[in-house]
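I opened my notebook today to look around one protein model. Come along and keep the picture open beside you.

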Amino acid sequence: MTHILGLSGSLRQNSFNTGLLRAAEKQMPEGTTMEVHTIAGIPLYNADEEAAHGLPPAVVALKDAIARADGLLLATPEYNNGIPGVFKNAIDWMSRPADDIGRVFGNRPVAVIGASPGGFGTLLAQDAWLSVLRTLGTRPWFEGRLLVSRASGLFDAEGRLSDEATRERIGKFMTGFAAFAGLQG
Ligand code: FNR
């Protein structure tokens, strides 16, 4: 059984990106499972806090959940043509302490998807993740690409995907990524 952890980089209740992961959860191929996590509860990184108290419980739990997964799927919003600070902050916390990076991220199959109301579907945010994923020693999957643009017309008011064509694209993406993640395990 191949297990994928989907991590949304949005804290918004009706987030398009969390909705994208919820839709992916329903499109997983046979023999695979997926759990959706968010970055809720992760405070701003502060080295003094880390030195005094160690990692916050939400960070420890998410690191362990990623370490148990065969693959990590990041659903990234795009802010000002880059990675939203809240999402990068969560990954920065999870890269601590540095000697634990290998357990959590090392050689881990990772893919990036994203949705935005604009016309480029998080293209620049997805590209901005590449240097972070390289630094963490992950094994990125590049064969599929999922840029969901004009998202306002594809999701309902509660952030549920309502567009059949996008659902099919997600299914195809998940089939490819899950196969890649399963092969590495
Ligand atoms: C945005 N948004 C945005 N969208 C985009 O495609 N490119 C961009 O550069 C930006 N920049 C940006 C900056 C800031 C500060 C905000 C708050 C928003 C719009 C963004 O895509 C939109 O708010 C999405 O709804 C965010 O994703 P979630 O929360 O729906 O998952």
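**Entry 1: before starting**

I reminded myself that this is a predicted model.

**Entry 2: the ligand and its surroundings**

I began by asking which residues surround the ligand. I found Ser-10, Arg-12, Ser-15, Phe-16, Asn-17, Pro-77, Glu-78, Tyr-79, Asn-80, Asn-81, Ser-116 and Pro-117 around it. Sorted by class, this shell has 4 nonpolar, 6 polar and 2 charged residues.

Next I looked up polar atoms facing oxygen atoms of the ligand. A polar atom in the side chain of Asn-17 is 2.8 Å from a ligand oxygen. For Asn-81, a backbone N or O atom lies 2.7 Å from an oxygen atom of the ligand. For Ser-116, the side chain supplies an N or O atom, 2.9 Å from a ligand oxygen. I also noted the areas: the ligand exposes 620 Å² when taken alone, and the protein buries 69% of that.

**Entry 3: Ser-10**

I stayed with one member of the shell and asked where Ser-10 is found. Ser-10 sits in the loop between strand 1 (2-8) and helix 1 (16-26). Is Ser-10 buried or exposed? Its relative accessible area is 8%, which is under the 20% cut-off, so Ser-10 counts as buried.

A polar atom of the Ser-10 side chain lies 3.1 Å from the backbone nitrogen of Arg-12. Setting aside neighbours within four places in sequence, I found Ser-10 in contact with Ser-15, Thr-18 and Pro-77. Ser-15 and Pro-77 are also among the residues that surround the ligand.

I moved on to helix 2 (residues 47-53), which holds Glu-50. Glu-50 counts as buried because its relative accessibility is 14%, under 20%. Not counting residues up to four places away in sequence, Glu-50 touches Tyr-45, Leu-55, Trp-93, Arg-96 and Pro-97.

Then I followed the chain to Pro-56, in the loop between helix 2 and helix 3 (57-68). Pro-56 is buried too, with a relative accessible area of 14%. Leaving out residues up to four places away in sequence, Pro-56 touches Pro-43 and Trp-93.

**Entry 4: helix 6**

Which residues of helix 6 are buried? I listed Ala-125, Gln-126, Trp-129, Val-132 and Leu-133. The buried residues of this helix pack against strand 3 (71-75), helix 4 (85-94), strand 4 (109-115) and strand 6 (146-148).

Ala-128 also lies in helix 6 (residues 123-135). Ala-128 is partly exposed, because its relative accessible area of 28% falls between 20% and 50%. Its C-alpha atom is 21 Å from that of Ile-66, a residue 62 places away along the chain. Gly-137 follows helix 6, and I noted its positive phi, near 75°.

**Entry 5: helix 7**

My last stop was helix 7 (residues 164-184), with 21 residues. How far does helix 7 reach from its first C-alpha to its last? I read 31 Å, close to the 30 Å expected at 1.5 Å a residue.

Methods: Residues numbered from 1 in each chain as written. Predicted model: local features only at pLDDT ≥ 70, side-chain atom pairs only at ≥ 80, totals over all residues. Heavy atoms only, no water. Helix = DSSP H or I, 4+ residues; strand = E, 2+ residues; numbered from the N terminus. Expected span 1.5 Å × (residues − 1). Buried < 20%, exposed > 50% of the residue type's maximum accessible area, 1.4 Å probe, protein only. Polar contact = N/O pair within 3.5 Å; in protein donor to acceptor, adjacent residues only side chain to side chain. Contact = heavy atoms within 4.5 Å. Near = heavy atom within 4 Å. Areas by Shrake-Rupley, 256 points an atom, 1.4 Å probe, with all protein chains shown as cover. Nonpolar A, V, L, I, M, F, W, Y, C, P; charged D, E, K, R; others polar.
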